[in-house]
Amino acid sequence: MLRTGLTGGIGAGKSTVATRLVERGAVLVDSDVIAREVVEPGTEGLAAIVEAFGRDVLDADGRLDRPALAALVFADAAARRTLDGIVHPLVRARSDEIVAAAAPDAIVVQDIPLLVEGGMAPAFPLVVVVGVDAEERVRRLVSARGMAEQDARARIAAQATDEQRRAVADVWLDNSGDPEDTRRRVDALWDGRLTGFEENLRTGRPAVDGSPLLVEHGPDWAAQARRLAERVAVAAGGPGRGVEHIGSTAVPGLPARDVLDLQLAIVSPADADRITDALVTAGFPVDAAAPGGDAGTVRVHRSADPGRAAVLAVRVHGSPAWQHAVELRDRLRADATARTDYAAHKRAAAERHADDADPRHYRACTAEWRSDPDE
């Protein structure tokens, strides 16, 4: 099963994207729909809201008067926190029930409008953000929903910014075009990434790293690594002692294979067993071909995401392998001569193994320069 977080600002058109994903076979968990269900008449959610805000938030039929409640909480942060404290746990519980009932090979899409604001992005192996320029969103809200422009702008301003959404987005799905264009983008995402990711997770198979082709340093590598590191840290929980971006992609200006290297620190080798299942669920199956080592690398995981190759080494904090990875990265960042020399060595190794389908041979060659304890 692959759990995917779907979000986007008001007026961005998440429902259009979600509808197409369901048409392709996704199981949709719609937080907005669930939020309405958990406050229907007779529910504990509605009873708690009435207790907190009074019977004035009910209409003549005893149902929740949403405009009346919105008027109470929109400009009152404390009131919003009270409401969130009532509704959010109920929504999470119902969402968990739906996810648990999904088939083992399901692609579950959880539509969460406030995913960014709630800090929930690291809980998903993949986050898709539906993006549209703010001015276009205002136009849509005014024309399609009949909202006053001032209200539309206020709603947009109260949510996360595009910059904040981009920071958590593994996929930024542009929905500024016509519906047919959006459907094509969703289909490309489904066929080119989601189905492969789900299959890899279900079978415990990492995505293919590809050849040892070197590319110039990617301007987005640091942000991508940060997202993955946050995901790994959440999955590791208590046994984890920090996640770091290491390797060539962590060194600005250094050419590298487009494969992110991360290092998860643990206290003892036994911790690796405790967190293995959680790391797999987070999108990182075990690399059965990668040996552990007495130097400190207990286990190696690799990303199952066809759209973002990554390697995660689980190492004992302070071990020779852990220390070497950090010191090498910091040395290459600080020493231009070493960086130039290593870049030349990498290019020679890549050229020598250009037709080699097994990237381990290239890695072994570059390890000669690095003097890796685990190689």
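**Helix 10 and its surroundings**

Select residues 221-236: this is helix 10, with 16 residues and a reach of 22 Å from first C-alpha to last, close to the 22 Å expected at 1.5 Å a residue (the expected span is 1.5 Å times one less than the number of residues). Helices (H or I, at least four residues) and strands (E, at least two) are DSSP runs, numbered from the N terminus. The model is predicted: local features need pLDDT of at least 70 and side-chain atom pairs 80 or more, while totals for chains, interfaces and linings use all residues. Residues are numbered from 1 along each chain as its sequence is written, and side-chain values use heavy atoms, with hydrogens and water left out.

Show side chains next; W221, L228 and V232 are among the buried residues of helix 10 (under 20% relative accessible area, 1.4 Å probe, protein chains only). Their cover includes helix 8 (162-168) and helix 11 (269-281). Just after the helix, G237 has a positive phi of about 65°.

Strands 7 and 9 run parallel over seven bridges.

**The largest core**

Finally, select V38, I49 and F53, which are among the residues with the most contacts inside the largest nonpolar core, of 24 residues (buried Ala, Val, Leu, Ile, Met, Phe, Trp, Tyr and Cys joined through side-chain atoms within 4.5 Å). Helix 5 (77-101) is one of the elements that give two or more residues to this core; helix 5 gives the most, seven.

Technical notes:
Buried < 20%, exposed > 50% of the residue type's maximum accessible area, 1.4 Å probe, protein only. Contact = heavy atoms within 4.5 Å. Pairing = 2+ DSSP bridges.
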